[in-house]
Amino acid sequence: MSSESLVGFIGGTGPEGLGLGLRFALNGIKVVIGSRSVKKAELAVSKIQSKIPDGYISVGLNKEVAEKCDPVFIAVPYQAQKSTLEELKDSLVNKNVISVVAPLEFENGVAISKEVPAGSAALEAAQILDKSTVASGFHNISARDLLDPDALIDSDVIVFSDNDECKSITMELAKLLRGARAIDGGGLVNSRYTEDLTALLLNINKTYKAHSAIRITGIKI
Ligand SMILES: NC(=O)c1ccc[n+]([C@@H]2O[C@H](COP(=O)([O-])OP(=O)(O)OC[C@H]3O[C@@H](n4cnc5c(N)ncnc54)[C@H](OP(=O)(O)O)[C@@H]3O)[C@@H](O)[C@H]2O)c1
């Protein structure tokens with residue numbers, strides 16, 4: 001990734017995409033927040049602009065973001081992933097795509113990890129985007145913490161990809177989250193483990209009224 005790279009967010013108006021965008025912009029990365037509506041993206045960015053007076057953060061339609069950015073984060077709900085990626089597939093050819101999608105559903109207020117026929121949200125994304133390189137990660141980071149620039153990200157970010165360069169770009173971005181460590185989680189086939197864990201963490205958060213996260217012990221980085 002060069003210093004001129006634009007890091008884009010599809011579905012960037014949600015707390016997770018906006019929070020990651022804020023954190024990266026604070027570290028001098030050029031960020032573009034994408035949406036189905038430019039007005040909605042402008043409104044979302046206006047809420048964080050004061051936190052990054054010197055940062056570069058702009059907005060665009062999801063399609064424009066897919067065309068001009070690399071890497072491109074996918075930060076839509078799982079239920080919207082397939083239709084969104086099918087629409088943007090041609091614009092994402094030969095790009096690095098980073099999925100933060102956790103396939104969740106809620107039953108009586110309890111978060112449940114949804115079964116995905118492809119094996120995980122990330123594997124499904126890679127199947128659809130067969131001419132892009134795909135990584136996944138950031139599943140277990142609380143968006144609320146990301147949106148508070150003073151909050152330490154007391155968590156590991158486990159990153160998965162079958163492509164070394166895409167994995168390395170994603171891990172470098174993860175290291176920008178103050179307090180976080182980037183951990184190589186292997187290939188996309190392993191992504192389902194942290195995707196599933198998201199549901200558990202959400203339920204723990206409810207019990208403890210907290211922002212829980214994960215740390216891997218026993219390794220030296
Ligand atoms: N929130 C967290 O703490 C957290 C933590 C880890 C991982 N994640 C994962 O990160 C992803 C984003 O999370 P989030 O909480 O930011 O999600 P969200 O607020 O529910 O949605 C993010 C954005 O996706 C777009 N979107 C919603 N429905 C859509 C549809 N049917 N078609 C196309 N676009 C649609 C919307 O953008 P526009 O209306 O502007 O187009 C929305 O602002 C999810 O997959 C989630 O599992 C979230």
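**View 1. The shell around the ligand, sorted by residue class.** In this predicted model, the shell around the ligand has 12 nonpolar residues, 10 polar ones and 3 charged ones. In total, 25 residues surround the ligand. The closest are G11, G14, S35, A80 and A143.

View 2. Which residues of α4 are buried? They are Q81, T84, L85 and L88. These four cover an arc of only 95° around the axis, so they sit on the same side of α4. S83 and E86 lie on the other side of α4 and are exposed. What covers the buried residues? The cover includes the strands β1 (6-10) and β4 (72-74). It also includes the helices α3 (62-68) and α5 (121-128).

**View 3. Strand β9, buried along its run.** D156, I158 and F160 point one way from β9. V157, V159 and S161 point the other way. Both sets are buried.

**View 4. The strands that pair with β9.** Two pairings of β9 are shown here, with β8 and with β10. Strand β8 covers residues 133-136 and pairs with β9 in the antiparallel sense, over 2 bridges. Within this pairing, A135 stands opposite S161 of β9. Strand β10 covers residues 181-184 and runs parallel to β9, joined by 4 bridges. Here V159 has D184 of β10 as its bridge partner. Both S161 and V159 are buried, and they point the same way from β9.

**View 5. The whole protein, as a setting for the close-ups.** The protein has 8 helices and 10 strands. Its radius of gyration is 16 Å, close to the 17 Å that the globule rule gives for 221 residues, so the protein is as compact as a globular protein of that length. Along the principal axes, the C-alpha atoms fill a box of roughly 40 × 40 × 35 Å. How much of the protein is buried? Buried residues make up 47% of the 221 residues. Among contacts with a separation of 6 or more, 72% are between residues 24 or more positions apart.

Terms used: Residues are numbered from 1 along each chain as its sequence is written. This is a predicted model: local features need pLDDT of at least 70, side-chain atom pairs count only at pLDDT 80 or more; totals for chains, interfaces and linings use all residues. The radius of gyration is taken over C-alpha atoms; the globule rule is 2.2 Å times the number of residues to the power 0.38. A residue is buried if 20 or more other C-beta atoms lie within 10 Å of its own, exposed if 12 or fewer, and partly exposed in between; C-beta atoms are placed from the backbone. Two residues are in contact if their C-beta atoms, placed from the backbone, lie within 7 Å. A residue is near a molecule or strand if its C-beta atom, placed from the backbone, lies within 6 Å of it. Ala, Val, Leu, Ile, Met, Phe, Trp, Tyr, Cys and Pro count as nonpolar, Asp, Glu, Lys and Arg as charged, and the others, Gly among them, as polar. The arc is that of the directions from the helix axis to the C-beta atoms. Two strands pair if DSSP finds at least two bridges between them.
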